[in-house]
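I opened my notebook today to look up a few things about a protein model. Come and read along with me.

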Amino acid sequence: MELQILHSKNKSKMCALQRLSSATTVRDIKELFHKQNPKFYPSRQSYRLEPRSKSLKDSDTLGSLDLSSDGVLYFKDLGTQLGWSTVFYFEYAGPLVLYLMFYSRLPFIYGEEYAYKPSSADVVKIAAVCHTVHYAKRLLETKFVHRFSHGTMPIRNLFKNCSYYWTFAAWLAYFINHPLYTLPMYGDVQVDMALGCFIFCELGNLFIHLALKNLRAPGSTERKIPLPTKNPFTLLFALVSCPNYTYEVGAWVSFAVMTQSLVGLLFASVGFMQMAVWALGKHRSYHKEFRQYPRSRKAIIPFIL
Amino acid sequence: MSSNAKKTNPVAQAWLILYNVAMTAGWSVIGIGIVNHFIKHGTNKGLYHQVERQLLFFQTSAILEILHAIVGLVRSNAIFTFLQVFSRVGIVWAVIWPVVEVQDNIGVPMLLIAWTITEIIRYLFYTFILLGITPRFILWLRYTLFIILYPLGVTGETLTIYNSLEPVRESGLYSIRLPNVFNFAVDYHIVLMCTFPIYLIFFPQLYCHMFAQRKKALKGDSSSEKKSN
């Protein structure tokens, strides 16, 4: 069986692939194309049946796609691709470093008068620890916990994501570590309670990530509904599809309350809006995939959303 | 507002025609005001003051276009429309109107001329489309004059913002200072400075996009008219 590869933008002939069978997968096509065009590594290639129709999956076989023997596939270049882990390392390392730069009051930030003299306030020190632990945890999870189903993303996402995380981290850090920072109005009670919530939510988020990782044994392709495990933090699965996001929002709201920072609240809100979108999407996919998916669950906020 | 209407609701049609006619008239009045002022005074001093009320009214009414896009009355992308209208309304209400010192700067007549000509042609064009006519001359004007008017407008806008920096810094306009209970501060003059990189990033993209739109629209197939801004 032979296949013509045409460019989806101008329908020009890019190459022809021979000796294919109905069992050949899109993944195989990508490998073959890569051999003929070394510049286009597989993760950069996208194929469609029509110039503008949906991208075909790697696992689709030529047989299942109903292609005749003089078949044609349309090629699209997805642009330079980066692994998810790579992007995550950059987007999380930035905030970690930036916040500490503001905490140590580097001279160009608050001027020579305060250079290298961090605040003596407990809450400011605690906040620096919390922020750092949060992003260190994220980096470690990226290395050891998360399993990404899509291998890559376009490089422009790196710039987009890093801009978001790094700018917000700097903005957040600027006010909390500012010489004119105002202490929380309810003092130690406010700080201690909010810190407690923060730690609780960080642990919750971690345990959910671990539970999701353990949902599937390595190598298996079995898909399962996430359920509460022996760990009480995972009980949230009984109420929401994405408790990891629930805990994440909780952690940042706690951080904002602990530091009494409006930017903190803003960050929590924007994060919440994005995570709500993701959670609703995931919630919908769960419903589509599992007939018996529990009806009582919400997506991200128990009983509400 | 463009309406490649397949299923035409007569009330919607009537409203859109009314809207576009009113806007064409409004911006024409502004245009006449500008010409009048230059003939009478020969300088841009006092120009803004002369057309202020009409400008505030007719530029602000463009907010309706966002509604039109959201509600689906018009086949435009709501987000693009929002950004476009927001930037115009922002410059008028958050820069020119509050910062009196900037009203006689050279950027103001530049942006006024660019906006006025662009809007008159744009709303006139939409009016014709709604009436079922596609006048090739107006189409040509719409997709050709931008080549000069778009850079002219952007230059006027950035010059105006630039000239507002000093007065804003002195007066502390729209700014919140530390310390305060929210641990939050806004320095409006920094916010204004942040618009420059945004212009730098988006202007080339949008300018090129309009050239592409021009190619498509003037190909002789003017029914492919899609709102470009």
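Below are my entries, one topic at a time.

**Ground rules.** This is a predicted model, where local features need pLDDT of at least 70, side-chain atom pairs count only at pLDDT 80 or more, and totals for chains, interfaces and linings use all residues. Residues are numbered from 1 along each chain as its sequence is written, chains are lettered from A and ligands numbered from 1 in the order in which they are written, and side-chain values use heavy atoms, leaving out hydrogens and water.

**Chain B as a whole.** I looked up the secondary structure of chain B and found nine helices and zero strands. Helices here are DSSP runs of H or I with at least four residues, strands are E runs of at least two, and both are numbered from the N terminus. The C-alpha trace of chain B spans about 60 × 50 × 35 Å along its principal axes. I then checked burial: 45% of the 229 residues of chain B count as buried. Buried means under 20% relative accessible area, exposed means over 50%, and partly exposed is in between (1.4 Å probe, protein chains only).

**Helix α6 of chain B.** Which residues of helix α6 (residues 136-144) are buried? I noted Ile138(B), Leu139(B), Leu141(B), Arg142(B), Tyr143(B) and Thr144(B). Their cover includes α5 (107-130), α7 (146-171) and α9 (195-217) of chain B.

**Where the chains meet.** I found eight residues from chain B and 12 residues from chain A in the contact, where contact means heavy atoms within 4.5 Å. About 910 Å² is buried between chain B and chain A, and carbon and sulfur atoms give 66% of that. In chain B, Leu178(B), Asn183(B) and Phe184(B) lose the most area to chain A, together 60% of what that side buries. Buried area is the accessible area (1.4 Å probe) that two parts lose on being put together, summed over both.

**A cis bond.** Leu178(B) turned up again, joined to Pro179(B) by a cis peptide bond with omega of about -10°. I placed Pro179(B) in the loop between α7 and α8 (188-193) of chain B.

**Positive phi in chain A.** Lys11(A) is not a glycine, yet its phi is positive at about 60°. I found Lys11(A) in the loop between β1 (2-7) and β2 (13-17) of chain A, partly exposed with a relative accessible area of 49%. Tyr116(A), also a residue other than glycine, has a positive phi near 60°. Tyr116(A) lies in the loop between α3 (107-110) and α4 (122-144) of chain A, and is exposed with a relative accessible area of 55%.
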